[in-house]
Amino acid sequence: MLRTTVALVVLSVPFLAQVPVDDAPATTEELSQAELEALAAELADEVEALRGAEFTEPVDVALADAESFRTYVTLRMQRLMPAERLASEEEVYKLLGLLPPELSYMQTMMSMLESQVGGFYDPGEDRFYLMKSFTGGLAEIILAHELTHALDDQRWDLDAELIRRLDNSDALFAYQAVVEGSGVTVMNSWMFGNMTKLSIEEIQRVGNLGMEGLRDVPPALWKPLLAAYVRGAAFLVNSESANTGQMAKPIPAKIDAAFDQPPRSSEQILHPKKYWDEPDEPVALDVSPAGLPDGVRVLAQDTLGELGASLFVEPVARRHGLRSQADVLTARYTSRAGEGWGGDRLVLVGKGRARALVWWTVWDTPQDAAEFAEATDKVLEHVRSATARWSAMRGFEGESNVRFRPAPELDPERAHVLVSSGGFSASELDAILAGLAVQRRPAEPVAEEPAPEREAPLEDSPED
């Protein structure tokens with residue numbers, strides 16, 4: 001659901017603080033370019049052994065600072081997503097009540113990433129960047145993670161796969177979870193084998209890295225970002241336990257299988273057995289805007305998935321920033337009301353400055369649909385208030401409208417539609433709804449066995 005994670009960065013890894021380390025001296029002197037290149041070449045051999053594959057060519061490496069990181073993110077987002085599309089995504093978040101109307105989406109995202117980043121890999125340039133302030137054992141940890149991205153990119157062309165999923169945040173998140181999960185499992189395995197290189201000071205630094213930057217960030221931004229790392233690693237070892245995902249060794253055959261046939265939804269990441277053991281494919285919905293009134297145009301379409309649905313119904317009192325290191329591993333990324341998700345599709349339409357969001361959801365059973373409806377009723381007042389404030393800020397005082405009802409056009413017992421709008425009258429909104437035709441898309445064929453059996457059994461201890 002979080003598009004800016006198309007920037008492949010190494011964020012803070014506070015789970016490092018949970019493993020014992022020797023009191024080795026910390027290294028504070030910055031690396032030179034020559035030293036970075038030598039270190040990367042040395043670590044490349046170790047990454048190859050852990051990942052079970054070989055580089056086809058050397059990886060370019062360079063040092064970066066905060067300014068160059070901001071430039072990287074800005075240029076990468078411009079390359080992958082037009083400004084209008086980013087603006088539409090911000091409007092979607094705000095019309096769903098997931099972001100305060102006053103919050104600047106990109107400014108908040110940039111600040112959040114800057115407070116966390118240790119290094120980043122640019123698939124477009126095939127180059128890895130290490131932040132200059134990271135030295136010693138921390139630099140090697142980050143290199144192990146990002147060199148894994150480079151190795152996977154040489155085999156699967158990460159950018160091409162990310163771009164294919166830009167109109168489906170749910171599928172994009174699922175793919176990013178494979179990418180980051182691969183980096184995390186290799187990085188952790190390297191780290192556990194090289195603990196003597198880490199000092200207590202370094203562990204404390206990485207454990208505290210970026211915490212202040214996440215304390216006031218809405219969960220709709222930080223949860224998808226961290227879930228790609230934490231739950232992506234757990235997914236690759238077929239576990240719902242975040243702790244198991246951090247401690248498990250990488251299984252190259254399973255990682256390769258996930259890249260060869262990527263998971264299609266956050267549901268499969270959050271519940272790995274729905275991918276590895278009993279595949280549960282998402283219901284795909286198509287929306288035709290052919291009947292929209294004159295002047296009304298589609299600005300964006302998207303799929304939010306179980307992760308997005310769970311964020312939407314998260315009780316408002318629980319919508320806070322990341323308060324402690326422990327929150328990374330104990331945070332809930334789904335909910336009882338979200339776990340019965342079957343599929344969804346969202347459309348944002350506009351005319352001038354007016355906007356209307358229409359979101360259809362389909363659920364596995366009537367009971368699942370009822371649970372989502374009950375949870376939605378508890379946050380609707382918040383959504384109405386947020387939409388009214390957003391509308392007033394755009395000059396549409398008193399012209400907001402939020403509706404939630406069953407969607408018999410899809411399934412009278414297992415589907416709902418939510419509408420949130422600002423600037424359209426009730427009659428205009430009725431015409432917009434009448435002009436949008438939604439239907440199920442025939443299921444795409446999938447392989448019966450997405451991956452080989454595990455090489456070794458792992459104890460599965462769900463976190464919730």
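These questions and answers cover a predicted model of one protein chain.

Q: How many helices and strands are there in the chain?
A: The model is predicted. Both kinds of element occur in the chain. The count is 18 helices and eleven strands.

Q: What percentage of the residues of the chain count as buried?
A: Buried means under 20% relative accessible area. The chain has 464 residues. The buried share of them is 59%.

Q: What share of the contacts with a separation of 6 or more comes from residues 24 or more positions apart?
A: Contact means heavy atoms within 4.5 Å. Take the contacts in the chain with a separation of 6 or more. Residues 24 or more positions apart account for 81%.

Q: Which side chain of opposite charge is nearest to Asp 368?
A: Asp 368 sits in helix 17, residues 366–393. Asp 368 is buried and has no salt bridge. A salt bridge needs a nitrogen–oxygen distance within 4 Å. At 7.5 Å, the nearest side chain of opposite charge is Arg 414.

Q: Which residues does Asp 368 touch, not counting residues up to four places away in sequence?
A: Asp 368 is a buried residue of the chain. With residues up to four places away in sequence set aside, Asp 368 touches Gly 340 and Trp 363.

Q: Is Asp 157 buried, partly exposed or exposed?
A: Asp 157 lies in the loop between helix 5 (136–156) and helix 6 (158–164). Its phi is positive, near 55 degrees. Most residues other than glycine have a negative phi. The relative accessible area of Asp 157 is 41%, so Asp 157 is partly exposed.

Q: Is Asn 238 buried or exposed?
A: Asn 238 lies in the loop between helix 10 (219–236) and helix 11 (242–247). Asn 238 is not a glycine, yet has a positive phi of about 55 degrees. Its relative accessibility is 5%, so Asn 238 counts as buried.

Q: Which residues gather in the patch of negative charge on the surface?
A: Glu 57 is one of them. Glu 57 is in the loop between helix 1 (33–51) and strand 2 (60–64), and counts as partly exposed at 44% relative accessibility. Asp 157 is partly exposed at 41%. The patch is made up of Glu 37, Glu 57, Asp 60, Glu 125, Asp 126 and Asp 157.

Methods: Residues numbered from 1 in each chain as written. Predicted model: local features only at pLDDT ≥ 70, side-chain atom pairs only at ≥ 80, totals over all residues. Heavy atoms only, no water. Helix = DSSP H or I, 4+ residues; strand = E, 2+ residues; numbered from the N terminus. Buried < 20%, exposed > 50% of the residue type's maximum accessible area, 1.4 Å probe, protein only. Lys, Arg positive; Asp, Glu negative; His and termini not counted. Patch = residues over 30% accessible without salt bridge, like charges linked within 9 Å, V, L, I, M, F, W, Y side chains within 5 Å. Areas by Shrake-Rupley, 256 points an atom, 1.4 Å probe, with all protein chains shown as cover. Charge placed at Lys NZ, Arg CZ, Asp CG, Glu CD.
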